[in-house]
Amino acid sequence: MASLTLDKVRKAFGPVEVLKEINLAIEDGEFLVLVGPSGCGKSTLLNLIAGLESSTGGEIRIGDRVINDVHPKDRNIAMVFQSYALYPNMTVRKNITFGLEIRGVSAQERDKAVADVAKLLQIEPLLDRKPSQLSGGQRQRVAMGRALVRDPDIFLFDEPLSNLDAKLRVDMRTEIKKLHQRLGSTIVYVTHDQIEAMTLASRIAVMKGGILQQFDTPQNIYERPNNMFVAGFIGSPSMNFVDATLIDNGGKLAVSIERDGGPITLPLFEAPESYKAYVGKKVVFGIRPEGLTHKRTGSDEPGSQYVNFDSKVEVIEPTGADTMTVIDIAGKEIVARVRPDRAPTPGESMTFSADMSQISLFDPETELRI
Amino acid sequence: MADLQTYSHDAGWKNTVLRGLLYLVLILFAAYYLFPLIVMISTSLKSLDEIREGSLISLPRVVTFDAWNYAWNEACVGVECTGIKVYFWNSVKMAIPAVLISTFLGAINGYALTKWRFKGANIVFALLLFGCFIPFQVVLLPMSQVLGKLGLASSTPGLVMVHVVYGLCFTTLFFRNYYVSIPDELVKAATIDGAGFFTIFWRIILPISTPIIVVSVIWQFTQIWNDFLFGASFASGENAPMTVALNNIVNTTTGVKQYNVDMAAALLTGLPTLLVYVLAGKYFVRGLTAGSVKG
């Protein structure tokens, strides 16, 4: 186990820059999730760490050791692939011990290692089967076993759950998390699924177009996204964005949203220094669906973090736990998360409470957080 | 309902007729291909007297294997009357190494071209592909010069080399197309496990290549065993392969024309390729459709 540092890592395929100066550092035992849409460079970054591709610039360090020019087999890493990449001609036992055998570990030690790992992953009955005789979930376990048996410094996971069905994916997610807690190993995990990122990570690196957008803890990324991309990518349903103007409303800052029948004015709960420069200017007002609900008790009291406004309801989408209520503000569809027993009927008008302690403001030009 | 029944009755009748026609056509084609073989077999089992008396297509009255025995042990190839068996072994000595070497090299080539992509891999592959379209006749003269310079002229090793070089394009094509469908992650996983180029090839890639190995072996064996031009050009006299010897037996002009011996010798020459197909034919079909096979 070890820490991992990426220092100004770049990667270009010919003239195409796929990674631009990535700086990341995680401590020993952290669970780093690289997340982003397809083509954002997250898998390339993982391959650079694994040594399956070489970087164009920058430095990669495991612990204090620079590994840029170290062969993958000498980096002391293990990797779990999306397709599992189990050797089809070998039994599960052989698959797990292949790496040890290549490294010249004695047969006796190999047997012990495979027994330990099989017990940990509960795949003991499968050891003498071929990969083609296993189900998707079992293959997944074997692939993890192959990584675990080597006891590496860093585990690399490349979208390991994306080939499983929805139910199994959730189960395996929990299991990976448990495994991490038990072993305390350093993990780098690539996914395009923001829920996987949120649930698993100790820190998330959100990427887009080869650029690191934000690198922070899941909660910080969720509550204080750096820019509109991160805000929209993390969270489901995603954050609502409304064009608004920041105004000085009698000594207190507020956002004013234009709409038919007069603007909605939402006084801000907190007003950091950075907002000052934007008074009187256009901003993008971002609020998550759960920050926008039916009228809350106490929301009429002065100094409340909740601000009420009325709006007509367009569509409702019940999910069981909550009812997603779509309202139309200034031509934009906004999703509010309402308790089912308070759910309106479409066409009806109702009072909503906006939780102003959970909002984000963005610059409409740069799309960066203000 | 009644309408429906009439309809299905009509369709059934139509089906039967069409099916009958289909079988008729298939049987005609089968007969067309089988008839020469039947004539050959029946002629090879007749005595020379019977051939002279009877018609070509009549079945033998007395079955005798004398002609087969004579073709194998005594038939004269040129001035040597050693039978075709010497040349059979020549062909074996040529075909087996040539098939094995060209298949093995094709496998390595295909593996390197797909899993260890180097700069210019596509150009190398395009050139190899181009090699598949070079006719035998074009390479005859340059090849004979090369063989002469290497001191391999008129020898079995020389012939093996010619067939390996010529077959390489085809075997590389087979293996390359097969390996393209094997996920690269397999090689990546093995690389991280610490295996190198040849370890991955021997331990992982080759064991899952059985279908395409069979295809390559059948293809190469058929090509090499049946080749006449290279055999006649580069290995004359006592080193000649069976196909060349067969030609010499059949074309011997002295004495009486022994049709039964000619037929027996021809059948003996064709037998090994037939045997390979019978033993490995199902793998051949399986290998040709190997793209759909998953590990």
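Mentor: A term before we start: helices (H or I, at least four residues) and strands (E, at least two) are DSSP runs, numbered from the N terminus. The model is predicted.

Trainee: Which residues of chain B does the UniProt annotation "transmembrane region" cover?

Mentor: The record, an unreviewed entry, places the annotation on residues 21-41, 94-113, 120-140, 160-179, 200-221 and 263-285 of chain B. Such annotations may be inferred rather than shown by experiment.

Trainee: How far apart are the end C-alpha atoms over residues 21-41 of chain B?

Mentor: They are 30 Å apart, and residues 21-41 of chain B are 100% helix and 0% strand. For residues 94-113 of chain B, the end C-alpha atoms lie 28 Å apart, and this span too is 100% helix and 0% strand.

Trainee: How is the span of a helix such as H5 of chain A judged against what is expected?

Mentor: The expected span is 1.5 Å times one less than the number of residues. Helix H5 of chain A (residues 166-183) has 18 residues, and its first and last C-alpha atoms are 26 Å apart, close to the 26 Å expected. After H5(A) comes Gly184(A), with a positive phi near 60°.

Trainee: Which residues other than glycine have a positive phi?

Mentor: Among them is Glu21(A), with phi near 45°. Glu21(A) sits in strand E2 (residues 16-26) of chain A. Another case is Glu367(A), where phi is about 65°; Glu367(A) belongs to the segment after strand E20 (359-362) of chain A.

Trainee: Why is Glu21(A) classed as partly exposed?

Mentor: The cut-offs are 20 or more other C-beta atoms within 10 Å for buried and 12 or fewer for exposed. Glu21(A) has 15 within 10 Å, so it is partly exposed. Glu367(A) has 16 within 10 Å and is therefore partly exposed.

Trainee: Where is the cis peptide bond?

Mentor: The bond joins Ser236(A) to Pro237(A), with omega about -5°. Pro237(A) is in the loop between helix H8 (228-233) and strand E11 (240-249) of chain A.

Trainee: In what order do the strands of the open sheet in chain A run?

Mentor: Strands of a sheet pair through backbone hydrogen bonds, either parallel or antiparallel. In chain A, 6 strands form an open sheet with mixed pairing, in the order E6-E7-E8-E3-E9-E10. Strands E6 (77-80) and E10 (211-216) of chain A are at the edges, each with a single partner strand, so one side of each has no neighbour in the sheet. From one strand to the next, the twist averages 15°.

Trainee: How many bridges join strands E3 and E9 of chain A?

Mentor: There are 4 bridges between E3 (residues 31-35) and E9 (residues 203-208) of chain A, and the two strands run parallel. Opposite Leu34(A) stands Ala205(A) in E9(A).

Methods
Residues numbered from 1 in each chain as written. Chains lettered and ligands numbered in written order. Predicted model: local features only at pLDDT ≥ 70, side-chain atom pairs only at ≥ 80, totals over all residues. Pairing = 2+ DSSP bridges. Axes fitted to C-alpha atoms, helices over the stretch in contact; angles between N-to-C directions.
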